[in-house]
Amino acid sequence: MRGPLVRFAAAVRVGWSSSIAFASVGTALTTLVILPVLDIAFDIVMGTDLSSPDLVATGYAAALVALGVSIAGGVVGAVASDRMLGIFAEVHTRRRVDPVYWLSVAFMPTLLGLVTALIGLGAVLALSGGAGLSLFLVACAAVPAVIACGFLMGVFAAGIGVGLPDPYLGATVLGVFLPVLCGVIVPLASTPAWFQTVAAAVPMSRLIQALQAAAPIAPAAALDLAVAGVWAAVGLVAVRVAVARFRAGQRAVMP
């Protein structure tokens, strides 16, 4: 047990040292506060233009989806850097599946994303004048499930990306389509049936629907985690395929 913990701690220290979010006070404020709040404000404005039935719920949903996307994108970014340095190939040729590696690359994105999400949720509560307190508590209760979904989606996107010329492609696609497919701006209940069918295959879509409908989130969280687990399994299989091709000299996993 000591060996994995030492490896995890070492990887976390490296991630902390290489993070630019705390390079200065200005950088920290911009990364953790200003940009996230502006993103939530943009979603609320879009919801206003599209006559969203509950703008407070839109704000909370935007903060939660941003948390999931941030964690997934952070995992992809860390894996892409490791790929360029040759670390990823070294780790994954030695171990078929390395939970310590995946958890360590997710630590900093999770920490930063959690701080940002709590600030965003608090900003929505403040702007609502306290009227959305009950919904705020539901959104906070959903945070652990969102973190887990973000991590699993990051494993998927990073796994797909290691064998592609652009390792960031998966994170880009998630960032563009996840808010739409989760129904952040336009609730899924207001979309066509075929769109809801597509959204059912997307992690976090049920959580956001439960939040918007003020329904129990535990069943929705369980289903979303199951879907996200399938995504992560696909990503891990893609890693094994990419590493096998790398070892056979068929395609370079790193430049």
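Ground rules come before the tour. Residues are numbered from 1 along each chain as its sequence is written, and side-chain values use heavy atoms, with hydrogens and water left out. As the model is predicted, local features need pLDDT of at least 70 and side-chain atom pairs count only at pLDDT 80 or more, while totals for chains, interfaces and linings use all residues.

Confidence, then. pLDDT is the predictor's confidence in each residue, from 0 to 100. The mean for the protein chain is 81. 79% of the residues reach 70 or more. Among the elements, helix H2, residues 25–49, has the lowest mean, 63. Helix H6, residues 133–161, has the highest, 92.

Now the fold. The chain has 10 helices and zero strands. Both are DSSP runs, numbered from the N terminus: helices are H or I with at least four residues, strands are E with at least two. Contact means heavy atoms within 4.5 Å. Of the contacts between residues at least 6 apart in sequence, 72% join residues at least 24 apart.

How much of the chain is buried? Buried residues make up 44% of the 255. The cut-offs are under 20% relative accessible area for buried, over 50% for exposed, and partly exposed in between, with a 1.4 Å probe and protein chains only.

On to the core. A nonpolar core is a set of buried Ala, Val, Leu, Ile, Met, Phe, Trp, Tyr and Cys residues joined through side-chain atoms within 4.5 Å. The largest one here has 66 residues. Tyr-60, Leu-64, Val-79, Trp-102, Cys-182 and Met-204 touch the most other members. Which helix gives the most to this core? H6 does, with 15 residues.

Leu-211 takes us to helix H9, residues 205–212. Six of the eight residues in H9 are buried. These are Ser-205, Arg-206, Leu-207, Ile-208, Ala-210 and Leu-211. What covers them? The cover includes helices H3 (55–85), H6, H7 (169–181), H8 (193–199) and H10. Just after H9, Ala-214 takes a positive phi of about 55°.

From the H10 side, take Ala-220. At 9% relative accessibility, Ala-220 counts as buried. Ala-220 touches Arg-206, Leu-207 and Ala-210, not counting residues up to four places away in sequence. The C-alpha atoms of Ala-220 and Met-204 are separated by 8.2 Å.

Last, the rings. The structure holds six aromatic pairs. Rings of Phe, Tyr and Trp (its six-membered ring) pair if their centres lie within 6.5 Å; planes under 30 degrees apart count as stacked, over 60 as edge-to-face, and the rest as tilted. Phe-156 and Trp-231 form a tilted pair, 4.9 Å centre to centre, with 50° between the planes. Phe-156 lies in H6 and Trp-231 in H10 (residues 218–247), so this pair ties together parts 75 residues apart in sequence. Phe-156 is partly exposed, at 22%. Trp-231 is buried, at 18%.

Trp-194 and Phe-195 make an edge-to-face pair: 5.7 Å between centres, 80° between planes. Trp-194 is exposed, at 59%, whereas Phe-195 is buried, at 14%. Finally, ring pairs link Phe-88, Tyr-101 and Trp-102 into a cluster.
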